[in-house]
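Visitor: I have a structure to go through with you. Can we look at it together?
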Amino acid sequence: GVYIILRDVTKEKEIDAMKTEFISMVSHELRTPLSITKEGLSLVLDRIAGDITAKQQVILSTARENIDRLARLINNLLDISKIEAGKMDIKKEQLDIVELTREVMASFELKAREKNLQLKVDFVEPKMNVFADRDKVIQILTNLINNAVKFTPAGHIAVSGRFDGDFLEC
């Protein structure tokens with residue numbers, strides 16, 4: 001015997017097309033204010049608008065770096081079809097995880113200080129190179145540290161790491 005099953009997928013295709021169009025539109029709409037904000041920060045950092053203190057320079061540089069990261073995340077959002085197809089683009093590069101962790105931790109310094117929390121980077125080596133996607137690692141560390149700062153009532157927050165064979169345990 002032969003069974004034939006027919007199913008109308010017109011509605012699913014319409015919904016998928018609407019989702020793709022929505023993601024594209026939202027991403028485009030987010031890029032414009034992001035670009036304007038980044039340009040404004042660059043003008044201030046280049047001292048076009050006047051002198052800034054060293055502390056302001058650090059804060060504004062961190063803000064500009066985070067705007068760049070947000071722009072990359074928006075670009076990743078545009079690649080949603082690749083993700084759905086199982087072809088997510090991972091951009092691996094050689095990076096020092098200790099230095100990257102210090103950079104991410106530094107962006108939480110003010111928030112931690114407000115809660116009287118100490119931030120510690122405690123790796124077994126002063127420099128530990130790994131082959132990973134920089135933005136994905138930053139995203140993971142940022143989420144973990146943000147939650148730790150948010151939910152730690154007192155004491156300190158430490159990020160530590162050691163190699164376990166070919167893998168970094170962090």
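Guide: First, a convention: helices (H or I, at least four residues) and strands (E, at least two) are DSSP runs, numbered from the N terminus. By that numbering, Asn116 sits in the loop between α5 (109-114) and β2.

Visitor: Before we go on, what kind of model is it, and what is left out of the side-chain values?
Guide: This is a predicted model, in which local features need pLDDT of at least 70 and side-chain atom pairs count only at pLDDT 80 or more, while totals for chains, interfaces and linings use all residues. Residues are numbered from 1 along each chain as its sequence is written, and side-chain values use heavy atoms, with hydrogens and water left out.

Visitor: Back to Asn116. Buried or exposed?
Guide: Asn116 counts as exposed, at 67% relative accessibility. The cut-offs are under 20% relative accessible area for buried and over 50% for exposed, with partly exposed in between (1.4 Å probe, protein chains only).

Visitor: And what is phi of Asn116 near?
Guide: Phi of Asn116 is near 55 degrees, a positive value in a residue other than glycine. Arg47 also has a positive phi, near 65 degrees, and is not a glycine.

Visitor: Where does Arg47 lie?
Guide: Arg47 is in the loop between α1 and α2. Arg47 is partly exposed, with a relative accessible area of 37%.

Visitor: How do α1 and α2 pack?
Guide: Helix α1 (residues 10-45) and helix α2 (residues 54-78) pack at an angle of about 160 degrees, and their axes are 10 Å apart. That makes α1 roughly antiparallel to α2. Axes here are lines fitted to C-alpha atoms, for helices over the stretch in contact, and angles run from 0 to 180 degrees between N-to-C directions. Under 35 degrees counts as roughly parallel, over 145 as roughly antiparallel, 65 to 115 as roughly perpendicular, and the rest as oblique.

Visitor: What residues make up the contact of α1 with α2, by class?
Guide: The contact of α1 with α2 divides into 14 nonpolar, seven polar and four charged residues. Nonpolar covers Ala, Val, Leu, Ile, Met, Phe, Trp, Tyr, Cys and Pro; charged covers Asp, Glu, Lys and Arg; the others, Gly among them, are polar.

Visitor: Left-handed or right-handed crossing, for α1 and α2?
Guide: The crossing of α1 and α2 is left-handed. Left-handed means that the near helix is turned anticlockwise from the far one by less than a right angle, and right-handed that it is turned clockwise.

Visitor: What about Ala71, where is that?
Guide: Ala71 is in helix α2, and is partly exposed at 29% relative accessible area. Ala71 and Arg31 are 40 residues apart in sequence, with a C-alpha to C-alpha distance of 6.9 Å.

Visitor: Next, α2 and α6. At what angle do they cross?
Guide: The axes of α2 and α6 cross at roughly 110 degrees and come within 11 Å. The two helices are therefore roughly perpendicular to each other. On the α2 side the contact (heavy atoms within 4.5 Å) is made by Arg69, Arg72, Leu73 and Asn76, and on the α6 side by Asp135, Lys136, Ile138, Gln139 and Thr142. By class, that is two nonpolar, three polar and four charged residues.

Visitor: How do α4 and α6 pack?
Guide: α4 and α6 pack at an angle of about 50 degrees, with axes 10 Å apart. That makes α4 oblique to α6. The crossing of α4 and α6 is right-handed. Their contact holds eight nonpolar, two polar and two charged residues.

Visitor: Which residues have the most contacts inside the largest nonpolar core?
Guide: Ile97, Leu119, Ile145 and Val149 do, in a core of 21 residues. A nonpolar core is a set of buried Ala, Val, Leu, Ile, Met, Phe, Trp, Tyr and Cys residues joined through side-chain atoms within 4.5 Å. The elements giving two or more residues to this core are α4 (97-106), β2 (117-123), β3 (129-133), α6 (134-151) and β4 (155-164). Another core lies apart from it, with seven residues, among them Leu41, Leu45, Leu60 and Ile67.

Visitor: What does Leu119 touch?
Guide: Leaving out residues up to four places away in sequence, Leu119 touches Met105, Phe108, Glu109, Ala112, Val149 and Ile157.
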